[in-house]
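Biologist: Please take me through the features of this structure slowly, giving the general idea of each before the case itself.

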Amino acid sequence: MTIQSATMQPLLKAAKMSKPLESAELTTSIGRLLNFKFPKKIGIAVSGGVDSMALAYVCNQFAKKNNIQAYAFTVDHKLRYGSAIEAQKIGHILREHTGLIHETIELNWRNTPKNTSTIETSARQLRYRALAEVCVNYKIEHLLLAHTQDDQLETLVMRMLRGSTMAGLSGMRRISWIPEGTEVFDAENIKILRPLLLEPKIRTISTCLNHNLPWIEDMTNHDPTYTKRNAVRYLLSQPKSLPEALQPQNLIFLSERLSERKQIAIERASRLYQREIRKGRIKLFRSTISLRWHFDPSTFEEIDMTVLISFLQRLVSDIVPRDMVDIQAKRYKEIIPKIFTPKNAKFTFMGLVWSLKPIKQASSKRTTEDREYYWYLSREPANHLSSHLTMIALPPDTSWSMWCLWDGRIWIRCRLKSFNNSGHFPRYLGVRAFLDEDYEIIRKLSSIEQENFTKCASKLNRKILSTIPAIYDPEISRLVALPTLGYSINHPSSSIDFQFRLRDRKILFDYQR
(Lines give C-alpha, C1' and ligand atoms only; values in the text may rest on other atoms or scores of the structure.)
Protein backbone atom coordinates (compact mmCIF):
# COMPACT_ATOMS: atom_id res chain seq x y z
CA MET A 1 0.00 0.00 0.00
CA THR A 2 1.51 3.26 -1.18
CA ILE A 3 0.74 6.19 1.08
CA GLN A 4 2.26 9.59 0.51
CA SER A 5 0.96 11.61 3.36
CA ALA A 6 2.45 13.80 6.05
CA THR A 7 -0.10 12.47 8.51
CA MET A 8 0.08 8.77 7.61
CA GLN A 9 3.81 8.21 7.11
CA PRO A 10 4.79 8.81 10.77
CA LEU A 11 1.96 6.50 11.87
CA LEU A 12 3.13 3.68 9.59
CA LYS A 13 6.66 4.02 10.85
CA ALA A 14 5.59 3.98 14.52
CA ALA A 15 3.13 1.11 13.92
CA LYS A 16 5.92 -1.23 12.88
CA MET A 17 7.41 -0.80 16.37
CA SER A 18 4.04 -1.02 18.16
CA LYS A 19 2.22 -3.97 19.71
CA PRO A 20 -0.89 -5.18 17.84
CA LEU A 21 -4.23 -5.39 19.61
CA GLU A 22 -5.18 -8.66 21.29
CA SER A 23 -8.56 -10.19 22.04
CA ALA A 24 -7.76 -10.36 25.78
CA GLU A 25 -7.48 -6.56 25.84
CA LEU A 26 -10.83 -6.22 24.12
CA THR A 27 -12.37 -8.60 26.65
CA THR A 28 -11.13 -6.38 29.47
CA SER A 29 -12.19 -3.13 27.80
CA ILE A 30 -15.70 -4.30 26.88
CA GLY A 31 -16.03 -6.16 30.18
CA ARG A 32 -15.43 -2.99 32.19
CA LEU A 33 -18.03 -1.13 30.17
CA LEU A 34 -20.64 -3.84 30.69
CA ASN A 35 -19.68 -5.00 34.19
CA PHE A 36 -18.46 -8.22 32.52
CA LYS A 37 -22.03 -9.18 31.55
CA PHE A 38 -21.42 -9.98 27.92
CA PRO A 39 -24.37 -10.01 25.49
CA LYS A 40 -25.24 -12.89 23.19
CA LYS A 41 -24.94 -10.67 20.11
CA ILE A 42 -22.86 -7.66 19.11
CA GLY A 43 -22.64 -5.51 16.01
CA ILE A 44 -19.52 -3.87 14.58
CA ALA A 45 -19.66 -0.80 12.35
CA VAL A 46 -16.99 -1.34 9.68
CA SER A 47 -16.16 1.49 7.28
CA GLY A 48 -13.19 -0.36 5.78
CA GLY A 49 -10.64 1.99 7.32
CA VAL A 50 -7.71 0.67 9.31
CA ASP A 51 -9.34 1.24 12.70
CA SER A 52 -12.60 -0.58 11.95
CA MET A 53 -10.85 -3.44 10.14
CA ALA A 54 -8.54 -3.98 13.12
CA LEU A 55 -11.50 -3.85 15.51
CA ALA A 56 -13.43 -6.36 13.39
CA TYR A 57 -10.47 -8.75 13.34
CA VAL A 58 -9.84 -8.65 17.09
CA CYS A 59 -13.55 -8.56 17.90
CA ASN A 60 -14.08 -11.75 15.91
CA GLN A 61 -11.54 -13.50 18.16
CA PHE A 62 -13.11 -11.99 21.28
CA ALA A 63 -16.60 -13.10 20.21
CA LYS A 64 -15.53 -16.70 19.54
CA LYS A 65 -13.82 -16.99 22.94
CA ASN A 66 -16.87 -15.62 24.75
CA ASN A 67 -19.55 -17.47 22.72
CA ILE A 68 -20.93 -14.24 21.22
CA GLN A 69 -22.46 -13.91 17.75
CA ALA A 70 -20.82 -10.96 15.98
CA TYR A 71 -22.12 -9.12 12.92
CA ALA A 72 -20.28 -6.56 10.79
CA PHE A 73 -22.21 -3.71 9.15
CA THR A 74 -20.91 -1.42 6.41
CA VAL A 75 -22.87 1.70 5.47
CA ASP A 76 -22.92 2.68 1.80
CA HIS A 77 -23.66 6.42 1.91
CA LYS A 78 -24.41 6.55 -1.83
CA LEU A 79 -22.54 9.84 -2.09
CA ARG A 80 -19.68 8.95 -4.43
CA TYR A 81 -19.03 6.75 -7.41
CA GLY A 82 -17.87 3.24 -6.57
CA SER A 83 -19.12 3.23 -2.98
CA ALA A 84 -21.18 0.06 -3.55
CA ILE A 85 -18.17 -1.79 -5.00
CA GLU A 86 -16.07 -0.62 -2.05
CA ALA A 87 -18.64 -1.99 0.40
CA GLN A 88 -18.59 -5.35 -1.41
CA LYS A 89 -14.79 -5.39 -1.17
CA ILE A 90 -14.98 -4.80 2.60
CA GLY A 91 -17.37 -7.72 2.94
CA HIS A 92 -15.05 -9.96 0.91
CA ILE A 93 -12.03 -9.05 3.08
CA LEU A 94 -13.95 -9.70 6.29
CA ARG A 95 -15.28 -13.07 5.14
CA GLU A 96 -11.82 -14.14 4.00
CA HIS A 97 -9.91 -13.00 7.11
CA THR A 98 -12.49 -13.31 9.88
CA GLY A 99 -15.56 -15.25 8.77
CA LEU A 100 -17.80 -12.53 10.23
CA ILE A 101 -21.37 -12.24 8.99
CA HIS A 102 -21.33 -9.04 6.93
CA GLU A 103 -24.14 -6.84 5.68
CA THR A 104 -24.04 -3.68 3.59
CA ILE A 105 -26.60 -1.01 4.49
CA GLU A 106 -27.54 1.40 1.70
CA LEU A 107 -28.68 4.83 2.84
CA ASN A 108 -32.01 6.08 1.53
CA TRP A 109 -31.82 9.77 0.62
CA ARG A 110 -35.36 9.89 -0.80
CA ASN A 111 -36.73 12.38 1.76
CA THR A 112 -33.44 14.08 2.66
CA PRO A 113 -31.99 16.89 0.50
CA LYS A 114 -28.30 16.62 -0.35
CA ASN A 115 -27.44 20.22 0.46
CA THR A 116 -23.71 20.86 0.44
CA SER A 117 -23.84 22.84 3.70
CA THR A 118 -25.72 20.15 5.64
CA ILE A 119 -24.80 16.93 3.85
CA GLU A 120 -22.30 15.82 6.51
CA THR A 121 -24.91 16.19 9.29
CA SER A 122 -27.61 14.55 7.19
CA ALA A 123 -25.33 11.63 6.32
CA ARG A 124 -24.51 11.12 10.00
CA GLN A 125 -28.20 11.11 10.97
CA LEU A 126 -29.14 8.68 8.21
CA ARG A 127 -26.15 6.46 9.01
CA TYR A 128 -27.03 6.07 12.68
CA ARG A 129 -30.72 5.54 11.94
CA ALA A 130 -29.80 2.81 9.45
CA LEU A 131 -27.46 1.18 11.97
CA ALA A 132 -30.16 1.39 14.64
CA GLU A 133 -32.66 -0.27 12.31
CA VAL A 134 -30.36 -3.15 11.42
CA CYS A 135 -29.51 -3.67 15.10
CA VAL A 136 -33.23 -3.87 15.91
CA ASN A 137 -33.71 -6.39 13.09
CA TYR A 138 -30.92 -8.59 14.45
CA LYS A 139 -31.95 -8.00 18.08
CA ILE A 140 -28.55 -6.44 18.84
CA GLU A 141 -28.27 -4.02 21.77
CA HIS A 142 -24.50 -3.32 21.60
CA LEU A 143 -22.84 -1.75 18.57
CA LEU A 144 -19.04 -1.34 18.56
CA LEU A 145 -17.37 1.66 16.93
CA ALA A 146 -13.65 1.85 16.19
CA HIS A 147 -12.88 5.37 17.46
CA THR A 148 -9.34 5.57 18.79
CA GLN A 149 -7.39 7.97 20.97
CA ASP A 150 -6.41 9.87 17.81
CA ASP A 151 -10.09 10.44 16.98
CA GLN A 152 -10.64 11.63 20.54
CA LEU A 153 -7.82 14.15 20.19
CA GLU A 154 -9.26 15.50 16.93
CA THR A 155 -12.69 15.78 18.54
CA LEU A 156 -11.31 17.68 21.52
CA VAL A 157 -9.49 20.23 19.36
CA MET A 158 -12.56 20.64 17.13
CA ARG A 159 -14.72 21.29 20.19
CA MET A 160 -12.16 23.74 21.57
CA LEU A 161 -12.39 25.67 18.31
CA ARG A 162 -16.18 25.78 18.75
CA GLY A 163 -15.86 27.03 22.32
CA SER A 164 -17.37 23.94 23.95
CA THR A 165 -18.04 23.73 27.68
CA MET A 166 -16.74 21.12 30.14
CA ALA A 167 -19.27 18.56 28.89
CA GLY A 168 -18.02 18.90 25.33
CA LEU A 169 -14.35 18.84 26.29
CA SER A 170 -14.85 15.56 28.12
CA GLY A 171 -14.85 14.11 24.61
CA MET A 172 -16.54 11.03 23.22
CA ARG A 173 -17.76 8.53 25.79
CA ARG A 174 -16.75 4.88 25.85
CA ILE A 175 -20.41 3.92 26.20
CA SER A 176 -23.43 5.94 25.11
CA TRP A 177 -26.87 5.60 23.58
CA ILE A 178 -26.86 5.23 19.83
CA PRO A 179 -27.46 8.63 18.19
CA GLU A 180 -30.83 8.88 16.44
CA GLY A 181 -31.95 5.84 18.41
CA THR A 182 -35.12 7.58 19.55
CA GLU A 183 -36.14 7.92 15.88
CA VAL A 184 -36.25 4.14 15.40
CA PHE A 185 -38.80 2.01 17.21
CA ASP A 186 -37.30 -0.40 19.77
CA ALA A 187 -33.83 1.19 19.37
CA GLU A 188 -33.96 3.09 22.69
CA ASN A 189 -31.82 0.48 24.44
CA ILE A 190 -29.07 0.15 21.82
CA LYS A 191 -25.71 1.20 23.22
CA ILE A 192 -22.62 2.40 21.41
CA LEU A 193 -19.34 0.95 22.72
CA ARG A 194 -15.95 2.43 21.88
CA PRO A 195 -13.49 -0.14 23.29
CA LEU A 196 -10.48 1.36 21.48
CA LEU A 197 -10.94 4.92 22.67
CA LEU A 198 -7.89 4.74 24.94
CA GLU A 199 -5.70 3.12 22.26
CA PRO A 200 -3.52 5.10 19.79
CA LYS A 201 -4.09 4.59 16.08
CA ILE A 202 -0.66 3.04 15.62
CA ARG A 203 -1.97 -0.09 17.39
CA THR A 204 -4.79 -0.59 14.89
CA ILE A 205 -2.31 -0.12 12.03
CA SER A 206 0.06 -2.58 13.71
CA THR A 207 -2.80 -5.09 14.01
CA CYS A 208 -3.61 -4.93 10.30
CA LEU A 209 0.05 -5.10 9.28
CA ASN A 210 0.82 -8.05 11.56
CA HIS A 211 -2.15 -10.08 10.33
CA ASN A 212 -1.85 -9.08 6.64
CA LEU A 213 -5.31 -7.55 6.86
CA PRO A 214 -6.01 -5.12 3.99
CA TRP A 215 -7.84 -1.87 4.60
CA ILE A 216 -9.18 0.94 2.47
CA GLU A 217 -7.42 4.26 2.87
CA ASP A 218 -9.38 7.38 1.95
CA MET A 219 -6.63 9.76 0.87
CA THR A 220 -8.93 12.77 1.18
CA ASN A 221 -8.67 12.28 4.96
CA HIS A 222 -5.04 13.37 4.74
CA ASP A 223 -5.56 16.55 2.73
CA PRO A 224 -5.40 19.38 5.34
CA THR A 225 -7.20 21.75 2.96
CA TYR A 226 -10.20 19.44 2.45
CA THR A 227 -12.01 19.81 5.80
CA LYS A 228 -11.46 21.48 9.15
CA ARG A 229 -11.02 18.07 10.80
CA ASN A 230 -8.32 17.21 8.27
CA ALA A 231 -6.50 20.41 9.15
CA VAL A 232 -6.70 19.47 12.85
CA ARG A 233 -5.44 15.97 12.03
CA TYR A 234 -2.44 17.44 10.21
CA LEU A 235 -1.76 19.81 13.12
CA LEU A 236 -1.76 16.94 15.62
CA SER A 237 0.59 14.91 13.42
CA GLN A 238 3.26 17.56 14.06
CA PRO A 239 3.51 17.42 17.90
CA LYS A 240 6.88 19.18 17.98
CA SER A 241 5.27 22.33 16.60
CA LEU A 242 2.42 22.31 19.15
CA PRO A 243 2.37 24.35 22.38
CA GLU A 244 2.49 22.43 25.67
CA ALA A 245 -1.26 22.71 26.29
CA LEU A 246 -2.04 21.04 22.95
CA GLN A 247 0.39 18.16 23.32
CA PRO A 248 -1.59 14.92 22.85
CA GLN A 249 -0.84 13.57 26.33
CA ASN A 250 -2.06 16.80 27.94
CA LEU A 251 -5.26 16.87 25.89
CA ILE A 252 -6.04 13.27 26.83
CA PHE A 253 -5.33 14.01 30.49
CA LEU A 254 -7.70 16.99 30.35
CA SER A 255 -10.38 14.91 28.66
CA GLU A 256 -10.12 12.10 31.21
CA ARG A 257 -10.33 14.50 34.15
CA LEU A 258 -13.36 16.27 32.68
CA SER A 259 -14.97 12.95 31.80
CA GLU A 260 -14.60 11.77 35.39
CA ARG A 261 -16.16 15.00 36.68
CA LYS A 262 -19.00 14.65 34.18
CA GLN A 263 -19.59 11.03 35.19
CA ILE A 264 -19.72 11.94 38.88
CA ALA A 265 -22.22 14.69 38.06
CA ILE A 266 -24.41 12.26 36.09
CA GLU A 267 -24.39 9.71 38.92
CA ARG A 268 -25.30 12.38 41.49
CA ALA A 269 -28.07 13.64 39.21
CA SER A 270 -29.46 10.13 38.90
CA ARG A 271 -29.53 9.70 42.68
CA LEU A 272 -31.22 13.10 42.97
CA TYR A 273 -33.85 12.11 40.43
CA GLN A 274 -34.52 8.77 42.16
CA ARG A 275 -34.87 10.62 45.48
CA GLU A 276 -37.50 12.91 43.98
CA ILE A 277 -39.31 9.86 42.57
CA ARG A 278 -39.27 8.03 45.94
CA LYS A 279 -40.69 11.06 47.68
CA GLY A 280 -43.51 11.24 45.14
CA ARG A 281 -42.38 14.66 43.94
CA ILE A 282 -42.29 13.71 40.25
CA LYS A 283 -45.37 12.35 38.53
CA LEU A 284 -45.61 11.51 34.83
CA PHE A 285 -49.02 11.77 33.13
CA ARG A 286 -49.08 9.37 30.19
CA SER A 287 -52.48 10.60 29.00
CA THR A 288 -51.21 14.13 28.31
CA ILE A 289 -47.48 13.34 27.95
CA SER A 290 -46.74 15.86 30.69
CA LEU A 291 -45.37 15.82 34.21
CA ARG A 292 -45.66 17.51 37.57
CA TRP A 293 -42.60 18.24 39.68
CA HIS A 294 -43.23 19.31 43.27
CA PHE A 295 -39.88 20.91 43.94
CA ASP A 296 -38.33 22.16 47.14
CA PRO A 297 -35.77 24.90 46.28
CA SER A 298 -33.94 24.44 49.59
CA THR A 299 -32.89 20.89 48.68
CA PHE A 300 -31.15 22.15 45.54
CA GLU A 301 -29.27 25.12 47.02
CA GLU A 302 -25.91 23.36 47.40
CA ILE A 303 -26.13 21.31 44.20
CA ASP A 304 -23.40 21.81 41.59
CA MET A 305 -24.47 23.40 38.29
CA THR A 306 -23.36 20.37 36.26
CA VAL A 307 -25.45 18.09 38.48
CA LEU A 308 -28.48 20.37 38.10
CA ILE A 309 -28.16 20.27 34.31
CA SER A 310 -27.95 16.46 34.30
CA PHE A 311 -30.95 16.29 36.64
CA LEU A 312 -33.04 18.53 34.38
CA GLN A 313 -32.04 16.47 31.33
CA ARG A 314 -33.31 13.34 33.04
CA LEU A 315 -36.43 15.12 34.29
CA VAL A 316 -37.64 16.07 30.81
CA SER A 317 -36.32 13.02 28.92
CA ASP A 318 -39.69 11.23 28.81
CA ILE A 319 -41.70 14.15 27.44
CA VAL A 320 -39.31 16.45 25.59
CA PRO A 321 -40.25 16.62 21.87
CA ARG A 322 -36.69 16.47 20.62
CA ASP A 323 -33.49 14.72 21.53
CA MET A 324 -32.02 16.48 24.57
CA VAL A 325 -28.51 16.01 23.18
CA ASP A 326 -29.26 18.86 20.79
CA ILE A 327 -29.69 21.32 23.68
CA GLN A 328 -26.42 22.87 24.78
CA ALA A 329 -25.52 23.05 28.47
CA LYS A 330 -25.38 26.85 28.39
CA ARG A 331 -29.09 26.89 27.48
CA TYR A 332 -29.83 24.99 30.68
CA LYS A 333 -27.75 27.46 32.67
CA GLU A 334 -29.95 30.27 31.40
CA ILE A 335 -33.16 28.70 32.69
CA ILE A 336 -31.95 27.35 36.04
CA PRO A 337 -32.59 30.70 37.83
CA LYS A 338 -36.10 30.71 36.34
CA ILE A 339 -36.75 27.27 37.82
CA PHE A 340 -35.27 27.54 41.30
CA THR A 341 -35.83 31.25 42.00
CA PRO A 342 -38.90 31.89 39.86
CA LYS A 343 -40.10 35.42 39.20
CA ASN A 344 -42.41 34.49 36.36
CA ALA A 345 -45.08 31.81 36.61
CA LYS A 346 -44.52 30.53 33.07
CA PHE A 347 -41.80 30.19 30.45
CA THR A 348 -40.99 27.97 27.47
CA PHE A 349 -37.91 25.78 27.11
CA MET A 350 -37.16 22.76 24.89
CA GLY A 351 -40.60 22.95 23.32
CA LEU A 352 -42.18 22.60 26.77
CA VAL A 353 -44.27 25.10 28.70
CA TRP A 354 -43.12 25.31 32.34
CA SER A 355 -46.01 26.54 34.48
CA LEU A 356 -45.55 27.32 38.19
CA LYS A 357 -48.63 26.43 40.21
CA PRO A 358 -49.38 26.51 43.96
CA ILE A 359 -50.14 23.32 45.81
CA LYS A 360 -53.52 23.36 47.51
CA GLN A 361 -53.01 23.30 51.26
CA ALA A 362 -55.34 21.83 53.86
CA SER A 363 -54.60 24.76 56.17
CA SER A 364 -55.40 28.32 55.17
CA LYS A 365 -53.03 29.81 57.77
CA ARG A 366 -49.92 29.59 55.56
CA THR A 367 -48.58 32.87 54.23
CA THR A 368 -47.74 33.43 50.58
CA GLU A 369 -44.05 32.94 51.40
CA ASP A 370 -44.78 29.57 53.03
CA ARG A 371 -46.81 28.18 50.17
CA GLU A 372 -45.43 25.23 48.24
CA TYR A 373 -45.38 25.11 44.47
CA TYR A 374 -44.93 22.63 41.67
CA TRP A 375 -43.83 22.92 38.07
CA TYR A 376 -46.18 21.53 35.46
CA LEU A 377 -44.39 20.67 32.19
CA SER A 378 -46.40 20.23 29.00
CA ARG A 379 -45.93 20.55 25.25
CA GLU A 380 -46.33 23.91 23.57
CA PRO A 381 -49.89 24.46 22.23
CA ALA A 382 -51.16 23.35 18.83
CA ASN A 383 -50.01 26.36 16.81
CA HIS A 384 -46.48 25.01 17.27
CA LEU A 385 -47.60 21.51 16.22
CA SER A 386 -49.35 22.37 12.96
CA SER A 387 -46.57 20.79 10.89
CA HIS A 388 -46.37 17.65 13.03
CA LEU A 389 -48.35 15.25 10.86
CA THR A 390 -47.58 11.53 10.79
CA MET A 391 -49.22 9.12 8.32
CA ILE A 392 -49.82 5.47 9.21
CA ALA A 393 -50.37 2.92 6.44
CA LEU A 394 -52.95 0.32 7.51
CA PRO A 395 -52.64 -3.32 6.38
CA PRO A 396 -55.71 -4.55 4.40
CA ASP A 397 -56.61 -6.94 7.21
CA THR A 398 -56.65 -6.89 11.02
CA SER A 399 -52.86 -7.00 11.49
CA TRP A 400 -50.97 -4.13 13.11
CA SER A 401 -49.38 -1.27 11.20
CA MET A 402 -45.77 -0.24 11.62
CA TRP A 403 -44.97 1.83 14.70
CA CYS A 404 -44.80 5.54 13.83
CA LEU A 405 -43.24 8.33 15.90
CA TRP A 406 -45.33 11.46 16.42
CA ASP A 407 -43.78 14.76 17.52
CA GLY A 408 -40.63 12.95 18.66
CA ARG A 409 -42.48 11.94 21.85
CA ILE A 410 -44.84 9.04 21.30
CA TRP A 411 -44.93 5.85 19.24
CA ILE A 412 -48.33 4.86 17.82
CA ARG A 413 -49.57 1.93 15.77
CA CYS A 414 -53.06 1.03 14.56
CA ARG A 415 -55.07 -1.76 13.03
CA LEU A 416 -58.56 -2.38 11.74
CA LYS A 417 -60.22 -4.19 14.60
CA SER A 418 -63.21 -4.99 12.42
CA PHE A 419 -64.50 -3.81 9.10
CA ASN A 420 -67.34 -4.29 6.67
CA ASN A 421 -66.16 -4.87 3.08
CA SER A 422 -69.26 -3.18 1.72
CA GLY A 423 -68.52 0.07 3.54
CA HIS A 424 -65.60 2.52 3.91
CA PHE A 425 -62.47 1.47 5.66
CA PRO A 426 -59.35 3.65 5.68
CA ARG A 427 -56.09 2.79 3.92
CA TYR A 428 -54.20 5.45 5.83
CA LEU A 429 -54.65 7.18 9.16
CA GLY A 430 -53.13 10.51 10.12
CA VAL A 431 -51.81 11.53 13.53
CA ARG A 432 -51.83 15.23 14.41
CA ALA A 433 -52.54 17.43 17.41
CA PHE A 434 -56.12 17.72 18.67
CA LEU A 435 -57.69 20.77 16.97
CA ASP A 436 -60.59 23.09 17.76
CA GLU A 437 -62.44 21.64 14.73
CA ASP A 438 -62.46 18.28 16.51
CA TYR A 439 -64.85 19.71 19.10
CA GLU A 440 -67.36 20.32 16.30
CA ILE A 441 -67.03 16.71 15.16
CA ILE A 442 -67.61 15.43 18.70
CA ARG A 443 -70.70 17.66 19.13
CA LYS A 444 -72.29 15.90 16.14
CA LEU A 445 -71.80 12.45 17.67
CA SER A 446 -74.34 10.48 19.64
CA SER A 447 -74.96 11.40 23.26
CA ILE A 448 -73.15 8.24 24.38
CA GLU A 449 -70.05 9.15 22.32
CA GLN A 450 -70.10 12.69 23.73
CA GLU A 451 -70.43 11.36 27.26
CA ASN A 452 -67.46 9.05 26.71
CA PHE A 453 -65.38 12.00 25.51
CA THR A 454 -66.37 14.06 28.54
CA LYS A 455 -65.31 11.26 30.87
CA CYS A 456 -61.90 11.02 29.19
CA ALA A 457 -61.19 14.74 28.84
CA SER A 458 -63.22 16.42 31.59
CA LYS A 459 -60.13 17.61 33.52
CA LEU A 460 -58.23 18.87 30.48
CA ASN A 461 -58.44 22.40 29.16
CA ARG A 462 -58.18 23.26 25.47
CA LYS A 463 -54.49 24.15 25.62
CA ILE A 464 -53.55 20.77 27.06
CA LEU A 465 -55.85 18.93 24.64
CA SER A 466 -54.15 20.72 21.75
CA THR A 467 -50.85 19.03 22.67
CA ILE A 468 -52.01 15.41 22.60
CA PRO A 469 -52.14 13.19 19.49
CA ALA A 470 -55.38 12.71 17.59
CA ILE A 471 -55.84 9.92 15.04
CA TYR A 472 -58.06 10.83 12.10
CA ASP A 473 -59.17 9.42 8.77
CA PRO A 474 -57.87 11.86 6.10
CA GLU A 475 -60.14 10.45 3.35
CA ILE A 476 -63.32 11.57 5.08
CA SER A 477 -61.79 14.09 7.54
CA ARG A 478 -63.14 12.16 10.49
CA LEU A 479 -61.69 12.05 13.99
CA VAL A 480 -61.01 8.42 14.91
CA ALA A 481 -59.36 8.32 18.33
CA LEU A 482 -57.39 10.08 21.05
CA PRO A 483 -55.01 7.23 21.88
CA THR A 484 -53.43 8.57 25.08
CA LEU A 485 -56.89 9.20 26.55
CA GLY A 486 -58.12 5.74 25.54
CA TYR A 487 -60.95 7.36 23.55
CA SER A 488 -62.13 6.08 20.16
CA ILE A 489 -65.15 6.77 17.98
CA ASN A 490 -67.13 3.85 16.62
CA HIS A 491 -68.05 3.81 12.94
CA PRO A 492 -70.61 1.62 11.12
CA SER A 493 -68.14 0.27 8.56
CA SER A 494 -64.91 0.01 10.60
CA SER A 495 -63.47 0.31 14.08
CA ILE A 496 -59.85 1.12 14.90
CA ASP A 497 -57.65 -0.42 17.52
CA PHE A 498 -54.48 1.38 18.61
CA GLN A 499 -51.46 1.11 20.90
CA PHE A 500 -49.02 3.78 22.03
CA ARG A 501 -45.73 3.97 23.87
CA LEU A 502 -43.81 6.97 25.16
CA ARG A 503 -40.32 7.48 23.85
CA ASP A 504 -37.83 6.41 26.50
CA ARG A 505 -34.25 7.56 26.96
CA LYS A 506 -32.66 7.25 30.37
CA ILE A 507 -29.26 8.28 31.71
CA LEU A 508 -26.51 5.82 30.83
CA PHE A 509 -23.48 5.41 33.06
CA ASP A 510 -19.93 4.90 31.88
CA TYR A 511 -18.50 2.77 34.67
CA GLN A 512 -15.08 2.36 33.08
CA ARG A 513 -12.57 4.76 34.58
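**Reading the features**

Modeller: N230, with a relative accessibility of 4%, counts as buried, a word that means under 20% relative accessible area, while exposed means over 50% and partly exposed is in between (1.4 Å probe, protein chains only). This is a predicted model, in which local features need pLDDT of at least 70 and side-chain atom pairs count only at pLDDT 80 or more, although totals for chains, interfaces and linings use all residues. Residues are numbered from 1 along each chain as its sequence is written, and side-chain values use heavy atoms, with hydrogens and water left out.

Biologist: Where is the place of N230, and with which residues is N230 in contact, leaving aside its neighbours within four places in sequence?

Modeller: Helices (H or I, at least four residues) and strands (E, at least two) are DSSP runs, numbered from the N terminus, and N230 belongs to helix α9, residues 228-236. A contact means heavy atoms within 4.5 Å; once neighbours within four places in sequence are set aside, N230 is in contact with T220, N221, H222, D223 and P224.

Biologist: What does the side chain of R203 make a polar contact with, and is R203 buried or exposed?

Modeller: R203, in helix α8 (residues 201-210), counts as buried at 9% relative accessibility. Its side chain makes a polar contact of 3.0 Å with the side chain of E199, and a polar atom of that R203 side chain also lies 2.9 Å from the backbone oxygen of P20. Not counting residues up to four places away in sequence, R203 touches S18, K19, P20, L21 and E25.

Biologist: How many salt bridges does the structure hold?

Modeller: The general idea is a side-chain nitrogen of Lys or Arg within 4 Å of a carboxyl oxygen of Asp or Glu, and by that criterion the structure holds 23 salt bridges. One of them joins R379 to D407, with the closest N and O atoms 2.8 Å apart. R379 lies in strand β11 (residues 373-379) and D407 in the loop between β13 and β14 (410-419), so this pair ties together parts that are 28 residues apart in sequence.

Biologist: How many residues apart do R443 and E440 lie in helix α13?

Modeller: R443 and E440 are 3 residues apart, about one turn of the helix, and they form a salt bridge whose closest N and O atoms are 2.5 Å apart. R443 is partly exposed, with a relative accessible area of 46%, and E440 likewise counts as partly exposed, at 43%.

Biologist: Which residues are buried in helix α13?

Modeller: In α13, which spans residues 436-443, the buried residues are D438, Y439 and I442. Seen down the helix axis, they fall within an arc of 110°, so they line one face of α13; the arc is that of the directions from the helix axis to the C-beta atoms. These buried residues pack against several elements, among them β15 (428-433), α14 (447-457) and β16 (469-473).

Biologist: Which residues make the nonpolar surface patch?

Modeller: Patches are made of residues with over 30% relative accessible area and no salt bridge, like charges being joined within 9 Å and nonpolar side chains (Val, Leu, Ile, Met, Phe, Trp, Tyr) within 5 Å. Here L389, M391 and Y428 make a nonpolar patch of about 290 Å². M391, whose place is in strand β12, is partly exposed at 39% relative accessible area. Accessible areas come from the Shrake-Rupley method with a 1.4 Å probe, and for residues only the protein chains shown count as cover.

Biologist: What does the secondary structure of the protein chain come to?

Modeller: The protein chain has 15 helices and 19 strands, and 50% of its 513 residues count as buried. Among its contacts between residues at least 6 apart in sequence, 70% join residues at least 24 apart.

Note on methods:
A polar contact is a pair of N or O atoms within 3.5 Å; within protein, one must be able to donate a hydrogen and the other to accept it, and residues adjacent in sequence count only if both atoms are side-chain atoms.
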